Amino acid sequence: FVFTVHVQAVSVSMYEEESIYKIIPPEVPVIEKPPMYRSKHGGKAPPSCSTFGLAQTSKPGVTNMQGETGNPKGSNHTFRKSKATFGPPPGSSVTPPTEILLKGTGAAKVEPLSVVKKKNPECLKPATLKDKVKPPVPKIDEKPIMNLVSSKNFITANAVENILAAPKKVSRDAKDYLHKADYGKVPGYLQKIKQDIE
């Protein structure tokens, strides 16, 4: 019993000290949010010290050095192309609801197979025919040749052919590795390695 109490006291002391004041949890302070920041400058004001909008101008470099809120004088902020910014204005390329893409307007209507067979049967024929790999199936009128019997003894004939056959000629180009000049000798690269080690 004493040992268990000692272990519990050690485990409590490792994390936090036990106190009667910690029975009641402390109150969480309410953090008051500051008012939302709003800039005194307008959001549509041109940027100061900007390098944008300098195309086709005699004043390259930087525009609106004074930080004017309106269109700066002496710069090309007043001249703007229709698509010289980051794309066309929003909503300019949207198709109106009255001109939506309807069914069958993008491609011609495909005629059914029955109509094509009547009007243009030539369109259904293949342009090229593939070569037949397998022989054709025999017809009903074609009868196979029956009662073909051979009196040849294939075992005896095979033995006679092998006995009378001439021996195969050995080609003279075959290499004889037993009569090489360096047969049985130490290779040259091993001798060089031995000399480098010594």
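Predicted model: local features only at pLDDT ≥ 70, side-chain atom pairs only at ≥ 80, totals over all residues.
What is the mean pLDDT of the chain, and what percentage of its residues reach 70 or more? The mean pLDDT of the chain is 78, and 78% of its residues reach 70 or more.

Among the elements, helix α1, covering residues 2-15, has the lowest mean pLDDT at 46, while α3 has the highest at 94. Two stretches deserve a careful eye as you turn the model. Over residues 1-14, pLDDT stays under 50, and the model has two contacts there beyond four places in sequence. Over residues 75-79, pLDDT also stays under 50, with 13 contacts beyond four places in sequence.

Now for the overall architecture. The secondary structure comes to four helices and zero strands, and from the N terminus on the elements run α-α-α-α. Of the 198 residues of the chain, 5% count as buried. The accessible surface of the chain comes to about 21,200 Å², and carbon and sulfur atoms hold 60% of that area. As for contacts with a separation of 6 or more, 14% of them join residues 24 or more positions apart.

Ala45 counts as partly exposed because its relative accessible area is 30%, between the limits of 20% and 50%.

Which feature of the backbone stands out at Asn147? Its phi is near 60°, a positive value in a residue other than glycine. Most residues other than glycine have a negative phi. Is the side of the story told by accessibility buried or exposed for Asn147? Asn147 counts as exposed because its relative accessibility is 76%, and the cut-off for that class is over 50%.

Finally, visit helix α4, residues 188-197, which is the place of Ile193. Ile193 has a relative accessibility of 42%, so this residue counts as partly exposed. Ile193 also belongs to a nonpolar patch on the surface, which it forms with Val186, Tyr189, Leu190 and Ile197. Together, these five residues have about 530 Å² of accessible area.

Notes. Residues numbered from 1 in each chain as written. Heavy atoms only, no water. Patch = residues over 30% accessible without salt bridge, like charges linked within 9 Å, V, L, I, M, F, W, Y side chains within 5 Å. Areas by Shrake-Rupley, 256 points an atom, 1.4 Å probe, with all protein chains shown as cover. Salt bridge = Lys/Arg side-chain N within 4 Å of Asp/Glu carboxyl O. Helix = DSSP H or I, 4+ residues; strand = E, 2+ residues; numbered from the N terminus. Buried < 20%, exposed > 50% of the residue type's maximum accessible area, 1.4 Å probe, protein only. pLDDT = per-residue confidence, 0-100. Contact = heavy atoms within 4.5 Å.
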